[in-house]
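User: I am new to this structure and would like to learn how to read its features one at a time. Could you take me through it slowly, giving the general idea before each case?

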Amino acid sequence: NKASLLEQYGIKDFDRPLISYIHRLDPLQKGFQQFSEVISDLVKDGAIIIVHGQGDPSLEGFETIEKKLNDLRDQFPNNIILETGYYKDSIAQKILAASDIHITPSRFEPGGYSNLHAMVFGNVPIVTPTGGLIDAVQSFNSASGIANGFVTKDFSAESLRSTTLQALGIYKNNHNLFTSMQTRSMVTTPTHIDMAKKYNQIYQL
């Protein structure tokens, strides 16, 4: 899946980690601003970035960030893939089936559907500490080594940068651990049935 996707864009180095960002390109809620600030550092650390989604040009700051993304793509054509300006479920699923890491840097997120969708495909999630995101992600702890993803300390670009670089370090230096996190991501993804059972237990108390 990964090789097939990257070949479409003329990228031949399939061993590099692939990070996806599949969200509405919203500078406020979806952390689009913070994500755009860390892309160059992730690329310099060897990652390939793919962005899929569309945004609202009327939102303050959107056009500036969109231009920054295009400039970064032009600067790093073998590291950054942009499928923006539209959204398709079929494209999103193809990207998730190929990705190693999925980033959801939301400022608020009641449910976190895109994150759950990514986990089903075995993506290691990187999320911010809010809403449904922290309900689904057990953050990596070097002492226990048991986790299915990473939770940033806060909503800043710096926290997103350091957390994602930590994930990339594990991908490169301890691939067995990274693979185990991918497996845990798939098997621990809460389903609607799981959540319905929990709500039922609450209301029975």
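This is a predicted model: local features need pLDDT of at least 70, side-chain atom pairs count only at pLDDT 80 or more; totals for chains, interfaces and linings use all residues.

User: Is alanine 147 buried or exposed?

Analyst: The general idea is a cut-off: buried means under 20% relative accessible area, exposed over 50%, and partly exposed in between (1.4 Å probe, protein chains only). Alanine 147 counts as buried because its relative accessibility is 0%.

User: Which residues does alanine 147 touch, not counting those up to four places away in sequence?

Analyst: A contact means heavy atoms within 4.5 Å, and by that rule alanine 147 touches Gln138, Ser139, Phe140, Met181 and Arg184. Separately, the C-alpha atoms of alanine 147 and valine 124 are 9.5 Å from each other, although the two residues are 23 apart along the chain.

User: What is the order of the strands in the sheet?

Analyst: Strands of a sheet pair through backbone hydrogen bonds, either parallel or antiparallel; two strands are taken to pair if DSSP finds at least two bridges between them. Here six strands form an open sheet with parallel pairing, in the order β3-β2-β1-β4-β5-β6. The edges are β3 and β6 (150-151), each of which pairs on one side only. Strand β5 (residues 124-127) is joined to β6 by two bridges in the parallel sense, with isoleucine 126 opposite phenylalanine 150 in β6. Helix α8 (residues 175-187) packs on the sheet, where it touches β4, β5 and β6.

User: How many bridges join β1 to β2, and which residues of β1 are buried?

Analyst: Five bridges join β1 to β2, and the two run parallel; in β2, isoleucine 49 is the bridge partner of isoleucine 19. From β1 the chain passes through α2 to β2, making a right-handed β-α-β crossover, a term that applies if, with the strands pointing away from the viewer, the path from the first strand over the helix to the second runs clockwise. Both faces of β1 are covered, with Leu18, Ser20 and Ile22 buried on one side and Ile19 and Tyr21 buried on the other. β1 also pairs with β4 in the parallel sense over two bridges, and serine 20 stands opposite histidine 102 there.

User: Where is the kink in α2 centred, and what covers the buried residues of this helix?

Analyst: An expected span is 1.5 Å times one less than the number of residues in the helix. Helix α2 (residues 32-44), with its 13 residues, reaches 19 Å from its first C-alpha to its last, close to the expected 18 Å. A bend is the angle between axes fitted to the seven residues ending at a residue and the seven starting there, and in α2 a kink of about 40 degrees is centred on valine 38. Among the buried residues of α2 are Phe32, Phe35, Val38 and Ile39, and the cover over its buried residues includes β1 (18-22), β2 (48-53), α3 (62-75), β3 (80-84), β4 (101-104) and α7 (157-173). Just after α2, glycine 46 takes a positive phi of about 105 degrees.

Notes:
Residues are numbered from 1 along each chain as its sequence is written. Side-chain values use heavy atoms; hydrogens and water are left out. Helices (H or I, at least four residues) and strands (E, at least two) are DSSP runs, numbered from the N terminus. Axes are lines fitted to C-alpha atoms, for helices over the stretch in contact, and angles run from 0 to 180 degrees between N-to-C directions.
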